Amino acid sequence: MSKKFHHAFGVYGIITINGQLVVIKKTGGPYLNRYDLPGGSLDDGEPLDHAIGREIHEETQLTVEQAVQLGTTSFRYPWRYQNWTFNQHICVFYEITKYTGSLATAVPQFVGQDALGAVTMSLDQLTIANASPLVLKATEYLKSQRHFEPHDQYFETWPVLAKPVF
């Protein structure tokens, strides 16, 4: 079978509260049952800066007041989805530097919602066994004193988890 890549594109926010990273509990896609960053796809014609605010609000109930775009990278890994055998997830990362509201551990569910809610976790708790590559990139960014490295990353294998880690 040839390597056919599905291309996914989205915007994702790095938010810290009291030194911990805000992550969502993912309910779909290749990051099913893992912790992921709040964010996602753009609506038709939606500007990036609007999409990041909308997605973060939908998945965390926080309202973005200020966001700084850090850069773009992609993650490639094997994933069987429809007619594709690989996924290339292209991600624009933002650091959310100002927000209002309270973090919601449960969020409204609707068609297209792929988050149960959000939690905060220490960087040391987040690993490849329980988190998406986006979360690992965010922890790398925060541990490197906020230096964003835009190099793409390839994973030889990518297990989709059958049971939630949360």
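Me: How many bridges join strand 3 to strand 4, and do the two run parallel or antiparallel?
Reply: Strand 3 and strand 4 (residues 35-36) run antiparallel and are joined by 2 bridges, with Y35 in strand 4 as the bridge partner of K25. Strands here are DSSP E runs of at least two residues and helices are H or I runs of at least four, numbered from the N terminus, and two strands pair if DSSP finds at least two bridges between them.

Me: Before I go on, what kind of model is it, and how are residues numbered?
Reply: It is a predicted model in which local features need pLDDT of at least 70 and side-chain atom pairs count only at pLDDT 80 or more, while totals for chains, interfaces and linings use all residues. Residues are numbered from 1 along each chain as its sequence is written, and side-chain values use heavy atoms, with hydrogens and water left out.

Me: Which other strands pair with strand 3?
Reply: Strand 2 (residues 16-17) pairs with strand 3 in the antiparallel sense over 2 bridges, and I17 stands opposite Q20. These two form a hairpin with 2 residues between them, where N18 in the turn has a positive phi of about 50°. Strand 8 (residues 115-121) also runs antiparallel to strand 3, joined by 5 bridges, with V22 opposite T120.

Me: Is strand 3 mostly covered or open?
Reply: Strand 3 is mostly covered, as 6 of its 7 residues are buried, meaning under 20% relative accessible area, whereas exposed is over 50% and partly exposed lies in between (1.4 Å probe, protein chains only).

Me: Which residues touch the most other members of the largest nonpolar core?
Reply: Of its 24 residues, these are I14, L21, L37, F93, L126 and L134; a nonpolar core is a set of buried Ala, Val, Leu, Ile, Met, Phe, Trp, Tyr and Cys residues joined through side-chain atoms within 4.5 Å. The elements giving two or more residues to this core are strand 1, strand 3 (20-26), strand 6, strand 7 and helix 2 (133-143), and helix 2 gives the most, with 5 residues. A second, separate core of 13 residues includes I24, I52, I56 and A115.

Me: Changing topic, in what order do the strands of the open sheet come?
Reply: The 5 strands are in the order 5-1-7-6-9, and the pairing is mixed. Strand 5 and strand 9 stand at the edges with a single partner strand each, so one side of each has no neighbour in the sheet.

Me: How do strand 6 and strand 7 pair?
Reply: They run antiparallel and are joined by 15 bridges, with A67 opposite I96, and they form a hairpin with 2 residues between them. Strand 1 runs parallel to strand 7, with 10 bridges, and strand 6 runs parallel to strand 9 (residues 153-154), with 2 bridges.

Me: How much space lies in the largest pocket, and which residues are closest to its centre?
Reply: About 450 Å³ lies in the largest pocket. Of the 27 lining residues, Y12, K26, G40, S41 and D114 are the closest to its centre. On a 1 Å grid over the protein atoms alone, a pocket is an open set of points where a 1.4 Å probe fits, with protein on both sides within 12 Å along at least five of seven lines, and lining residues have an atom within 4 Å of a point. Points are joined across faces, edges and corners, and the volume is the space filled by probe spheres set on them.
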